[in-house]
Structure formats: C-alpha cells, structure tokens
Amino acid sequence: MAPPPGFHLLLLLLLVLLLPPGPAAGLQALGEAAEMAAGLRAGLPELELELPGLELPELEPPELEPECRRLLAAFAEGSAALSGCLARRARPVRLCQACRGQYRSLLGRYRDIARALGNSSESHNCAKSILTSDRLQIVVTLSEFFNETWETANCANCLKNNSEGLSNSTVEFLDLFNKSLTCFEHNLQGQAVDVSSNNYTDVCKNCNGTYKMLNDLYNNLQKLNRHGSESGHSAHLCIDVEDAMNITRKLWSRTFNCSVPCSDTVPVIAVSSFILFLPVVFYLSSFLHSKQKKRILILPKRIQSNASLVNIQEKYS
Amino acid sequence: MANVAKKVSWSGRDPRDEDEDGPAGESTPLLNGTGPGAPGGSRQFTPSSLLRTGQLSNVDLNEDVRELETELPRPYPNEIPHNEKLLSLKYESLDYDNSENQLFLEEERRINHAAFRTVEIKRWVICAMIGILTGLVACFIDIVVENLAGLKYRVVKDNIDKFTEKGGLSFSLLLWATLNASVVMVGSVIVAFIEPVAAGSGIPQIKCYLNGVKIPHVVRLKTLVIKVCGVILSVVGGLAVGKEGPMIHSGAVIAAGISQGRSTSLKRDFKIFEYFRRDTEKRDFVSAGAAAGVSAAFGAPVGGVLFSLEEGASFWNQFLTWRIFFASMISTFTLNSVLSVYHGNAWDLSSPGLINFGRFDNEKMGYTIQEIPIFIFMGVVGGILGALFNALNYWLTMFRIRYIHRPCLQVIEAMLVAAVTAAVGFVMIYCSRDCQPIQGSTVAYPLQLFCADGEYNSMATAFFNTPEKSVVNLFHDPPGSYNPMTLGMFTLMYFFLACWTYGLTVSAGVFIPSLLIGAAWGRLFGISLSYLTKGSIWADPGKYALMGAAAQLGGIVRMTLSLTVIMMEATGNVTYGFPIMLVLMTAKIVGDYFVEGLYDMHIQLQSVPFLHWEAPVTSHSLTAREVMSTPVTCLRRIERVGTVVDILSDTSSNHNGFPVVESNPDTTQVAGLRGLILRSQLIVLLKHKVFVERANLSLVQRRLKLKDFRDAYPRFPPIQSIHVSQDERECMIDLSEFMNPSPYTVPQEASLPRVFKLFRALGLRHLVVVDNRNEVVGMVTRKDLARYRLGKEGLEELSLAQT
C-alpha cells in the first residue's frame, strides 16, 4: 500500500507536533503552573470586583462573606486553568505531565473551601454556603469531575508519591521515547528526499534498537505495575505513557511496517492436519476392529395374550 | 400362562456390585444361564408355598432378574447391539419405604421425645457441614484450576511469542496440543480405570439417584476424589468443558458421606449420625448436597433449591426445603468468603460462585419491550441448536457405547479430543486477522501473534482462555471487541468441539460450553441486529450474548424454573427474569419438538429404569396383571434356613424383596400375604444366626436391634460370605418380627397409571399384587413400570437386558 503523496509531509508534521512536550516540557509545565498560581493570587482582587458586575448589584443578598467569595473566585480561576490545560493537552495526551500543577492547586483551593482555615466558624459557613446550599452544587460537581478524570487517566502512576514531579521510571521512559522519535525523524528526513521508495527499511534497521528498548521498558513497567497492585484492578499505566507507547507502536508496525513476523503457514497446516487426521483414524479403526458391544436380551415373562397387550402391539405396527 | 415347560432362565451376574469392591458391572457381563436345557419350572425352594391357584404354579419374585417363559422358545441368547430401548439389570431401587417391623416400633418406644429433637438438630448440623464442605471443595477446584491453567497458558504464550519472531510456530502448536493431551490423559486414566461413574457431569446420575435408582458407586468417597481431580485436569487440559456440573455431583457425594458419619472406603466409622443410615434419610441429604453444589457453582442458592426440586427430588418434603436452602446459602457464603480471602480482599464477598456472570447494570444493559420478540426468536434459535447438539451427541454416545467401551480406547479418545481442541484453537487464532487494541487488563493472556504491537488477537480471547473467562468476556467486553467473522467461526467450531467432548470419559460439565456457544452466537446476533437496522436498535451486544447463552443452555438441558432462577441470580439482575424465562420456555418447547433433553437422553442411553412424573398417558388399559412379574418367590413366615440360603444364593434370580406368606396354608386353604422382607434383612439375620432353635438353646442371646441392620448399611455382605453349616441349614428362622407387616399391595385390576402413581409417590421398591383372597399373584418393581414409554408411535415397551 503506497502512502499518498504528501504523506511524508504529514508525518513530519505529526512528529513535530509530538516532539516538543518531552520530559523537559514537564518541568516547564511545573514552572508555568507556579507562575500561573502566583498570577492568580495577584489577580484575585480584580476578579472579586468583577464578580458583582455580573449580577444585579443592588439586589444581591448579603449571603456570601467576602472571604468566601474570594475562595470561590480562586476555585473558578483554578478550574478554568485546569480545564484549559486538559483540553489543550488532549492530543497527543500529555495531561499528567502538563496539568499536574493546575490540578494540585485546584485541589488545594477546593480543600480551602471545604476545610476549616483560620477562623473555623466563618470558613465552615463558607463550606456550607458554597458547597451544599443549593441543588446544583456546581463546585462539588466540578471538583468531582476533575478528580475522576485524574483517576481515570491514572496520573498518580507516573508521578512521584507526593506528586511533585515525574517518577524516575517515567522520566526514563519519556527519554527513550524522545530518543526513538528523534531517530524516526532522522531516518525519515533522509528518505523524504527520494519519495519514490516507499519502504522504510532504513527506519526499521536504524531505530530497531531504540524501539526494542522502549518496548521492553514499557513491558517491564506494565509488569511491575501489575505486581504492585495485586487485585489487578488498576493495572493501567498513566495515560501519557500509554499513549506515547501506542503512538510509537502504531508508527512502527502500521506505518513503517517494521515488525514483520515470520509466518510459517505450511508447517502449521501440516501439523494441524496431522492432528485432525488422528481421530478419523481412531474412530475408523475402532469401528472396524473393536468388537461391538452386545446386550443380552432378557425377555420379560408375564401374563400375556391380553387385549391391552394386543393394543400395544397394534400401536407398534 | 403356565407355560412352564419352555422356561428359559438367564442368570445375571450379581448386580449388587457395590457390595464388592470389584470392577463396575459394565466390564463383566457373565452369562451363567443356559438355553432350553435349564430346568423348567425348577424353582423348588418353597414347596410348601406353592400356590395352586390357576396360573401360578410356583412363586418367584424378583427385583432384577426375571425368569422368563417365552412363547417362542429361543435356544440361544438373544444378543442385540446396544440401543436406547433397553433397561439394564445393573440398576436397583433404593428402599425409601420404611419397614415398620417390630424392631422399629420398639426403637420408637425406647427413644423419647427429646431424642427426636436432637435428631432434628443433627439434621441442621449436617446441612451446615454439607454447605461448608461443598463450598470448600468448590474453592479448592477453583484455585487449583486457576493456577494450573494460568501456568499452562503462560508457558504456551511465552512459547508463541518467542516463535512469532523467529518462526517455527508449528512447535508452539505441538507444545500446546501435547500439554493438553497429557493433562487430559491423566484425568481420563483416573476416571476410566479407577471410577468410571465419575465420568461426565454427574447430573444424570444424581437425577437417577434422587429418582430412586441406586447407581453403583455414585456416592462414594472415591468417586468424589476422582471427580474433583478429573474436573481439574480436564479444565486445565483445555477441553471444552466446565467445572460447574460436577460440583453438583460433588455436593451430593459430600452430603451422602457426612450424613452417614462414616466412610466405608476409608474404613472409618465416627459413630455419629447412626440414625441416618437409611436410604430415605440419605436421599434427603443428597438433595441438599446437590442444591449446595449448584449454589456453589453459580452463586445461586435459590436456584440450587429449585434445581433439587425440579431435577432431583421425586419425593419432596416441605420441611426439607428450608433445610436445603440453609445448606445452599452456607455453601455459597463459604465459597465467597474463602475466595475473597484468597483474592486478597477479605470481607469484600465479591465471588459468590465458581462462575460470575459479572454485573449487568440496568442503565447500560436494560431492555425495552420491543426487544422481547427478538429474545423469543433467540429462544427458538437456541431450541433448534440445542436439539441439533443433542441429536449429534446421541449418535456419538451410541457409537461410544457400542464400540469404544474399553478403558484404553476411552483414554485415547479423550487425548485425541484434547489435542484436536488445541489444534483447532491454534488454527483459528492463526488464521484470524481480527486485531483489537489492548484495553487495560481485561484480557488475561493477550496473544499478539501477527497483530501490530499493542494489539492482540481477539480470537485468542475466546480460544486461549478457560471457558468461564471466555463467557464473561463475551458478556462484558465493550461493543466492537469482536468482529462478526470471529464470533461466527468460534461458534461453529466450539459447537462441534463441545458436542464431541460431552460423553468422553472425563469428568466435566456441559453448562459452561453451552453458555459459551450461546454467548458467542448471541453476541453475533446482537452485532448483526444493530448492523441490519443501521444502528437504530443500538444495544450492548452483551445483553444478547446473555440471552443467547440462556437459550442455548435451555435448548440443551431443557431445565426451566431452576435455570431461570440460576441465570437471574448469576447475573444479579431480577429484571432479566422475564426475558430469560421467555427464552428458556421457547427453547424448551422448540427443542422438545425434536429430541429430548441431554440429561434425559443420557439416562435413557444408560438404560436406567427412570420413572418420570407420570405414567404414559395412553396406558390406562394396562392393568397390574399385565404389568407385574410373576411368578413370585415367597418365603414362609417360619422358614427353613437352608431354603433361605438357597434362594438368596441363587445367582439366576437376584431378588431383593420377598413376600412372606402364612407358614401353613393347608389348614386355612389360603396362603395369604403376611408381610415383606428384604434381602438385606435376611442377610443380617443369617449373619447373626437368629434361628428359632438357637433362641431356645440360649435364652441369654442378645436380641437383634435395628442398629444391627443400620451398621450393615449400605454395603450388605453378599450371601457367599455367610457360612451356614449343614446343621444350621435344618434350623428354622422366624421372620415375623423382622418383616414389614403391612406392605403396599394393589389388586390385579388396578390400572398402570394407578400403580405408577402409588409407586412413584411413595418411592416404593416392591409392590405386591394380590388377588381377592390376599394371595400373592405377582410383584411390581421399578423395571416393570419403567418399561412403558410413550414413543413416537404410541406406547412402547422397553426390553430388559444384561449390561
């Protein structure tokens, strides 16, 4: 199957898109998050001022304490940042690396609302008025949604225990991943010059080592993970790693067609037809040679020559 | 018809082969009797009891072997190939009728009210123990199967992965086939050579037992051990079998063993529960055990009770139901808690049965009213496929009985089936190009083979797995996990494999393979439905897989009520009750139109004298006179020991019950019926030498108690092992104290359905036919009634045969 013209270009584009958010990107993201958090804190008063403007100012019931309002605004900002980050990092999936700062800060803000902080009675009021005083409970819903997404993505798996940074194995994996992508890119660039030849033998030959290492590492991670969680429920790795591996594997075996397993159809057919042939021999030989089991009839003896017995015999015939 | 001159007498090998530890009856059919040279009318044991009234010239009762007079004298044994219209002499009845003799009355007087209360408590304790032990056995099977099968699949998977890269996949195929065949060989050898009755699922055997037929060896400890090991080996060996059916047999054996408080195989007597050493009590516990087995297998306690009710209990007792339910609950709870601890989440209690269908949520997998006609149509398909399965299996079983009856041939056959199962699986996986992305850890042993990296072969989820896991995968894998081609090929192949496998000499059940076939075509049906309707009925194919599984299972085994409840409990969704019921009903109606259910078919092929619920409908014109066996061997009330010994040791007539008549008919002219005595009782009497003369000699002689009879139960010694000296032969034996003084009788004119009803409802073993002067005319036993069957052309009569 020949890829359509311009396919290589697309591929390159894809690679370019893929490349930048490497492991380094993760570190960057952490920095970004910190900045953003600082910015938020700085911007808080403004936001607070903005808020009354959205509603009808004069009719606003004096329900929410200013402190509570501040907390709510912080949460709103945090969730906006996080959802923006999640959406931006959706493809290729880089959620755990890129958005963990936002996620953490959002968690903190939610905790601020929910938990006693300083003046206990006041913040208790905050929790009550923000979280549980209406039917919709949008703050709770939002925070649940983010938590669930985080759990489903299984991000905890590739972060350090305190979720400060990426775990060592993940860093190692992403390193290798970057290496193999670079390798693909190099070899493709060489090939893109002569578009006529559609085979990727160079890629397959040159990047085989890296790819194998990456694959093995991934399998190892998976195995470790499965051992770690005995119950077998959360045997997923974190979505970033999974997705990175998926993309690479797809490139490798679908696009480059590098993994060509040797198919030995002839011996398989021979062996299986031999096995399938055995029962035929067995049944035939037992039919021909085994003595058929005979039953010795014992004729029942009872009073006979009765009308109803004739009846039976009539029915027989 | 006193055509006594042309008497042909056949002798049977002693069919009471549970009294000896010899090989089972199948292998040694002896023919001691001869042709016309046999002395006609020669039964002269009871000269004084000869009834000179009309056609009865001598008296010859039998239970199993009949003296036959033929209208056409047959000089040679009439040998025919095995067929379905036979009744085997191998099987005897159980004694459910309580013999209310004087000993019994004495014991009842002696035991006070409080003692009967402890008996009642003991019953509950036994039921609890049955539940616990059944649950533990189920756990043991489950854990061992899981580990061994896991080991096997890992080895094969590693091998396949290795050879996929380098080439030489034929070696993987050979490895897989050899592993399967060798594991199955061990499983088959122990069944074929040590305990043949452990073969198959055991449900037909338990059904027969509860019907009142004593199947030799069926509730022995040895059978249990072989059954458990056999099941493990055949599931690990990759056959198309399940471990659920045999659980029912295992539960029954456990129940029979515990309730007796001893094991004759181990020669240990714990001296407890002696009160329960009777067929009647044992039968009640066996039905509890069967229920506990179902409950452990499917996590369906109510289903288990109903199973016992529907399939087993011919004689049901209201108080029993609650006790059986108790045993079932205990069983599933034991399994659940032990497996939870094993899986590391104790107190979670998430595995109530050996197979869990998994959760069927209402939201995702609910059904609408419009779908009900579709489900009914699936029931029709299930009925037809089930009938096809049974018909194919019928021919195969017939062939097996006729030609593959030597144990070594049976072992070879099982090995071949195992190898072919592996080969078919391998070829299917090899040829399949259906690759699916790995999603989490739902697939236990993902085989990549020729798929791209990160994908697995979806045929392998179905073939390269234990059948239980495959069923659950078919129910719950998200839509799009299988392509239709895969499912179609899988259904086709597995149908034939399962059909071929059932009836092999391995212990294995048919529940799971049926569910698997049904789930595969049901899922296919669901997929094609949403494809045909262009997605307007978008539904989870898992729902259709469940209905297909129910339809297929119903079409094969034809159970109704209990199966509905079992499926309902296994899915944990009551709203599925209605469609499942409809599906099972349709499947049964459609299937019954073609052939009968698999279990009934196998019971028939085994020539078991099985009594159905009712006599054939068109049999009212038959009377007891035509049904009964005659003449009858009677004993006098005070009989000479020599005569008794001669009658008992006469190999040609292995009778088990003897009417007792008045000793001295000359004085009153009528030798009326006085009672009924069983062979087992006579043997105990002879063993303890309870003779009239000895009683006179030593007044201090210990009186025989009911306990002496119970101690001998259930393996009464054969008559050959009892030595009676010449002097003793001249002694007299007084039976009046030991016989049942009020046996059930019917007049000669009673119709067959009437006799049948009496016999069936009371669980009788012997029913004496008397004339209007209370003289014994004939005897109706189980085989006399089971002979009549409603066939295709009306009423048929089965022949008796030596097997």
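Helices (H or I, at least four residues) and strands (E, at least two) are taken as DSSP runs and numbered from the N terminus. The structure is a predicted model, in which local features need pLDDT of at least 70 and side-chain atom pairs count only at pLDDT 80 or more, whereas totals for chains, interfaces and linings use all residues. Residues are numbered from 1 along each chain as its sequence is written, chains are lettered from A and ligands numbered from 1 in the order in which they are written, and side-chain values use heavy atoms, with hydrogens and water left out.

Two helix pairs of chain B are described here. Helix H4 (residues 203–211) of chain B packs with helix H7 (residues 279–298) of chain B at an angle of about 150°, their axes lying 10 Å apart. Axes are lines fitted to C-alpha atoms, for helices over the stretch in contact, and angles run from 0 to 180 degrees between N-to-C directions. H4(B) is therefore roughly antiparallel to H7(B); angles under 35 degrees count as roughly parallel, over 145 as roughly antiparallel, 65 to 115 as roughly perpendicular and the rest as oblique. The crossing of H4(B) with H7(B) is left-handed, a term used if the near helix is turned anticlockwise from the far one by less than a right angle, with right-handed used if clockwise. From H4(B), B:Ile206, B:Tyr209 and B:Leu210 meet B:Lys282, B:Arg283, B:Val286, B:Ser287 and B:Ala290 of H7(B), where contact means heavy atoms within 4.5 Å. This contact of H4(B) with H7(B) comprises 5 nonpolar, 1 polar and 2 charged residues (Ala, Val, Leu, Ile, Met, Phe, Trp, Tyr, Cys and Pro count as nonpolar, Asp, Glu, Lys and Arg as charged, and the others, Gly among them, as polar).

Helix H14 (residues 467–476) of chain B and helix H16 (residues 511–532) of chain B pack at about 25°, with axes 9 Å apart. H14(B) is therefore roughly parallel to H16(B), and H14(B) passes H16(B) in a left-handed crossing. The residues of this contact of H14(B) with H16(B) divide into 9 nonpolar, 3 polar and 2 charged.

Strands of chain B were examined next. An open sheet of 3 strands has the order S16-S17-S18 (chain B), with mixed pairing; two strands pair if DSSP finds at least two bridges between them. Its edge strands, each pairing on one side only, are S16 (745–747) and S18 (776–781) of chain B. The twist averages 30° from one strand to the next. S16(B) pairs with strand S17 (residues 766–770) of chain B in the parallel sense over 3 bridges, and B:Thr745 stands opposite B:Val768 in S17(B). Helix H28 (residues 752–762) of chain B packs on this sheet, touching S16, S17 and S18 of chain B, and its direction makes about 145° with that of S17(B).

A further open sheet of 3 strands, with mixed pairing, has the order S11-S13-S14 (chain B). Strand S13 (residues 657–661) of chain B pairs with S14(B) in the antiparallel sense over 5 bridges, with B:Phe658 opposite B:Ile677 in S14(B). Helix H24 (residues 679–687) of chain B lies across S11, S13 and S14 of chain B, at about 75° to S14(B). Strand S19 (residues 788–791) and strand S20 (residues 794–797) of chain B run antiparallel and are joined by 4 bridges; S19(B) and S20(B) form a hairpin with 2 residues between them.
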